[in-house]
Every structure is written in structure tokens, then in C-alpha cells.
Amino acid sequence: MAKSLLNQRDRTDSIPEQEACWQGAVELALRSRQLLMVMIARLYQDKQGEPHNLESLKTLLGDDIPEVSELESMALGAGNWWAYFDQLQRYQTRPPSPKKTVSDENIIAVAADYGPERSSEALNRALADMKNFTDVLEERHSEW
């Protein structure tokens, strides 16, 4: 569904509609990441656990689980889908910073507001990487 919203975003000229599609796609992607953690718990026979973040997954399953180690390694790194989703989550939960007016009297320095890349391509890459991780996870556990 997130990819459908991104496709719709790229086809519209309306700025509010583009933003709505973007935010909807991001929320669905973040929800997918949370469901991935629930999937991992189910693969380890925890039928009741509902981990909402990596720390709760680790508490639920322990440190010995390879998936927890892999996700922790990604969380500490940069340039991967997990870290990108962390950036998106932080960005989505903060209100936009107010724009300051610029005049000759108040120019001291110019700083750009850095946030996650907001292109459809970047989110599509992250979604594809998460799907690959899920496919490997499913294949790893289907052997049992």
C-alpha cells in the first residue's frame, strides 16, 4: 500500500496531495516495520508478544536471537533501511520548525534543516530492502 501511495504521489501536481501521500506511505512503512518485529516474535513461538520497538523485541526474546543482533547492528549503523526508518519516525513525530524571517539585522549564520531524504525513490529503496530482509527471515525459518 505504501508503494501505491508513492506512485500516486508522483502522479499528482497538488502539493497537499503529494504531502498526504508521502505521510501516509511513511506511516504504513513504519507500521510494517513494527509488524516485522511481531513476525519475528511469532517465529520464535511467542504468540502473545507485541513488541513496539527493538528494545521491547530484545526484552521479549533475549540477546541470543540472530534477528535481534542484525537489527541492532542496523540501528547502530547508517545508510540502511532500519536507520532510514528511524530518521523518518523522528521526522514524523516532530512538528515542523517555524520559519524565521530574514533581515539584514538578524543574519548570523544560515543553517539547513536536515532530515531524512523525502524522495519516493528513497522510500521505495527502503521498502524493498525491508522486504528482502523479511524474505530472508522467512526462508531462514521455513527450513525448520
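This is a predicted model: local features need pLDDT of at least 70, side-chain atom pairs count only at pLDDT 80 or more; totals for chains, interfaces and linings use all residues.
User: Which residues in H5 are buried?

Analyst: General idea: buried means under 20% relative accessible area, exposed means over 50%, and partly exposed is in between (1.4 Å probe, protein chains only). In H5, the buried residues are Trp81, Trp82, Ala83, Tyr84, Phe85, Asp86 and Leu88. Residues are numbered from 1 along each chain as its sequence is written, and side-chain values use heavy atoms, with hydrogens and water left out.

User: What covers the buried residues of H5?

Analyst: Cover is read from contacts, meaning heavy atoms within 4.5 Å. For H5, the cover includes H2, H3, H4 and H6.

User: How many helices and strands does the protein have?

Analyst: The elements are DSSP runs numbered from the N terminus: helices are H or I with at least four residues, strands are E with at least two. Here you get 6 helices and 0 strands, so the pattern along the sequence is α-α-α-α-α-α.

User: What should the 13 residues of H5 span?

Analyst: The expected span is 1.5 Å times one less than the number of residues. For H5 that gives 18 Å, and its end C-alpha atoms are 18 Å apart, so the two agree. H2, with 29 residues, reaches 42 Å from first C-alpha to last, close to the 42 Å expected. Just after H2, Gln45 takes a positive phi of about 65°.

User: Which residue caps the N-terminal end of H5?

Analyst: Look for a polar contact: a pair of N or O atoms within 3.5 Å, where one must be able to donate a hydrogen and the other to accept it, and residues adjacent in sequence count only if both atoms are side-chain atoms. Asn80 is the cap, with a side-chain oxygen 3.0 Å from the backbone nitrogen of Trp82. Thr12 makes a contact of this kind too: its side chain reaches the backbone nitrogen of Ser14 at 3.2 Å. Thr12 sits in the loop between helix H1 (2-11) and helix H2 (15-43), and it is buried, at a relative accessible area of 13%.

User: Which residues touch the most other members in the largest nonpolar core?

Analyst: Nonpolar side chains tend to be buried together in soluble globular proteins. A nonpolar core is a set of buried Ala, Val, Leu, Ile, Met, Phe, Trp, Tyr and Cys residues joined through side-chain atoms within 4.5 Å. The largest one here has 29 residues, and Leu57, Leu71, Trp81, Tyr84, Phe85, Leu123 and Leu127 touch the most other members. Elements giving two or more residues to this core are H1, H2, H3, H4, H5 and H6, and H2 supplies the largest share, 8 residues. Leu71 touches Ile40, Leu54, Leu57, Trp81, Trp82 and Phe133, not counting residues up to four places away in sequence.

User: Does Arg125 count as buried, partly exposed or exposed, and what is its relative accessibility?

Analyst: Partly exposed, at 49%. Arg125 lies in helix H6, and its C-alpha is 7.9 Å from that of Trp81, 44 residues apart along the chain.

User: What pLDDT does the protein average?

Analyst: pLDDT is the predictor's confidence in each residue, from 0 to 100. The average is 87, and 85% of the residues score at least 70. Among the elements, H5 has the lowest mean pLDDT (92) and H2 the highest (94).
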